[in-house]
Amino acid sequence: MASRAGPRAEGTDGSDFQHRERVASHYQMSVALKSEIRKLNIVHLLIWLLMAAQVIVSQLSLVSHKVVASPYQWEFPYLLSIIPTVFSFLALPRNNISYLVISMISSGLFCVAPLIYGCMEMFPVAQQLYRHGKAYRFIFGFSAVSVMYLVIVIAVQVHAWQIYYSKKLLDQWFTSTQDKKKK
């Protein structure tokens, strides 16, 4: 056996690594996918916190409506998008398939659906801004519709990747449990 600082063991040239055990590829893939999902969950959590802060500040009239615009209707149901993220965080440590499925289904309901509704709700305002250059709602001096469309673009990408990676992870977990049942 070679030590870190000592000489190499006698009778080996370093090419005897083929017989060593390796981590199965589906475990490696599972770890990689879990890492990506955690990163996306954290980004979603940041988006959610910004959205919640805007809604709370506006509803409690902590600052003038000229500084932070009143929220659009789609922002209230979007606040429920924390539910899929919680289920996703709960599913990852113990490879809980049920929680991951709940997270994926509720992502469509609580994340993607309010974003689609938000695009439709804000479209006339965006059209007015584009055609006439007039904005009536502002967030820190920027047109609220422009800021919220930027948030929607980012959130749609985050949620799409969350669902995609969750599906791939679910497939990994499902194939590994099927392999165990066969043995």
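UniProt positions are given here in the numbering used for this structure, feature names are shortened, and annotations may be inferred rather than shown by experiment. I kept that in mind when I looked up "transmembrane region", which the unreviewed UniProt entry places at residues 42-64, 99-118 and 138-158.

The model is predicted: local features need pLDDT of at least 70, side-chain atom pairs count only at pLDDT 80 or more, and totals for chains, interfaces and linings use all residues. Residues are numbered from 1 along each chain as its sequence is written, and side-chain values use heavy atoms, with hydrogens and water left out.

I checked residues 42-64 and found 78% helix and 0% strand, with the end C-alpha atoms 30 Å apart. Residues 138-158 are 71% helix and 19% strand, and their end C-alpha atoms are 25 Å apart. Helices (H or I, at least four residues) and strands (E, at least two) are DSSP runs, numbered from the N terminus.

Next I looked up H44, which lies in helix 1 (residues 25-59). H44 has a relative accessible area of 0%, and buried means under 20%, exposed over 50%, partly exposed in between (1.4 Å probe, protein chains only).

Helix 4 covers residues 97-132, and G133, with a positive phi near 70°, follows helix 4.

Definitions and conventions. The expected span of a helix is 1.5 Å times one less than its number of residues.
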